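Let's take a quick walk through this one. Have a look at the structure first, then read on.

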Amino acid sequence: MVVRTLLIRGMVVGLAAGLLSWLFSYSFGEPGIEGAIAFEERLSLAAGQSHGVELVSRGVQSTIGLGVALLLFGVAIGGLFAIAYAVAYGRIASLSPRATALVLAAGAFLAVFLVPFLKYPANPPASSEDSTVGQRTGLYLVLVLVSVILALASTALGRRLYPRVGAWNAALLASGLYVVTISVAMFVMPTVSETPADFPATVLYDFRLASLGNQVVLWATIGLLFGWLTDRSLRHRSPAGERVDSAPVV
Amino acid sequence: MAQAVPVPASTPIPLRIPLREVLPWAVFAGAILLSLLYLVGLDQGATSVFSGQLLHEFMHDGRHLLGVPCH
């Protein structure tokens with residue numbers, strides 16, 4: 001197993017995941033964005049302001065713009081996933097290539113996206129204040145970073161406990177440590193509440209659900225597809241059967 | 001004594017990639033991929049490497065749905 005191969009595989013898999021997340025977001029995410037923009041326009045109409053000249057039309061933003069952003073995001077996440085996989089493979093208990101990919105994708109989804117999302121969820125247009133974007137971006141990135149560091153530290157602790165308490169207890173203790181420490185971090189960090197009182201609740205709910213679904217599609221595709229391809233290449237590359245034996249079957 | 005013959009473990013620990021092999025890839029590819037994430041998610045928002053709003057406006061819907069603070 002070579003890092004270069006894994007990296008290329010990760011980026012290709014990420015591209016495929018980005019494509020699926022594009023389809024998902026176009027179908028289920030765009031209605032929320034359109035609803036938010038309709039609210040925004042009602043506001044500016046009531047205030048008697050004109051919308052101004054659009055630099056990029058809504059038609060481009062909601063199709064190609066959305067697609068390019070999600071494809072590039074998929075490629076970047078897929079590549080970073082591959083690097084993490086190169087480190088994790090053979091180092092998380094004795095998980096098979098496929099199980100390692102799935103566990104890593106699930107863990108990364110939790111630590112990188114879902115947990116920060118609980119504190120600072122995705123916001124549709126017109127539901128946050130323009131002037132605080134710097135502050136909100138900073139807080140969001142800090143929480144993502146803290147979450148990833150705590151997840152890595154908890155995993156390291158789990159690996160040290162594994163020989164003494166077994167896989168089940170080590171995983172429980174590591175998860176427990178992460179839950180407790182990230183809860184403290186999230187409690188301490190400032191809360192952002194800027195959603196206008198009259199922002200349509202259904203639009204906000206649909207948008208956030210779609211944002212969550214988009215990440216589920218992305219990480220699930222990466223975890224499953226990367227695991228499948230890696231498992232297949234390990235089986236193919238061993239004519240004498242030595243590596244087939246060393247790769248446990250799930 | 002068939003029972004005394006050591007049976008190969010059914011689930012041996014898989015091969016590992018030495019960390020010093022991963023490190024250069026992690027540094028160089030990691031830097032490029034993180035800059036890509038920055039361009040997709042953050043530039044022309046809270047901070048700007050490229051001036052203007054084109055990148056921000058083009059990626060607008062993706063940024064909102066990816067959950068990064070957009071505007």
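Below is a short tour of the chains, the domains and the interface.

## Confidence

Keep in mind that this is a predicted model. Its overall scores are ipTM 0.88 and pTM 0.89.

Chain B comes with a mean pLDDT of 82, and 80% of its residues get to 70 or more. The stretch to watch is residues 9-13 of chain B, where pLDDT stays under 50. For that stretch the model has five contacts beyond four places in sequence.

## Chain A: overall layout

Chain A has 250 residues, and 40% of them count as buried. If you take the contacts in chain A between residues at least 6 apart in sequence, 84% of them join residues at least 24 apart.

## Helix α3 of chain A

Helix α3 of chain A covers residues 97-119, which is 23 residues.

## Two domains in chain A

Chain A splits into domain 1, made of residues 3-118 + 199-246, and domain 2, residues 128-194. Taken over C-alpha atoms, the centres of domain 1 and domain 2 of chain A are separated by 20 Å.

Where the two domains of chain A meet, six residues of domain 1 are in contact with nine residues of domain 2. The domain 1 side of that contact has five nonpolar residues, one polar and no charged ones.

## Where chain B meets chain A

How many residues of each chain take part in the contact between chain B and chain A? On the chain B side there are 37, and they are in contact with 45 residues of chain A.

Three helices of chain B, namely α1 (19-41), α2 (54-58) and α3 (60-66), each supply at least two residues of the side that touches chain A. The largest share of that side, eleven residues, comes from α1(B). By class, the side of chain B that touches chain A divides into 23 nonpolar, nine polar and five charged residues.

How values were computed
Residues numbered from 1 in each chain as written. Chains lettered and ligands numbered in written order. Predicted model: local features only at pLDDT ≥ 70, side-chain atom pairs only at ≥ 80, totals over all residues. Buried ≥ 20, exposed ≤ 12 C-beta atoms within 10 Å, placed from the backbone. Contact = placed C-beta atoms within 7 Å. Helix = DSSP H or I, 4+ residues; strand = E, 2+ residues; numbered from the N terminus. Expected span 1.5 Å × (residues − 1). Nonpolar A, V, L, I, M, F, W, Y, C, P; charged D, E, K, R; others polar. Domains from an automatic or database assignment. pLDDT = per-residue confidence, 0-100.
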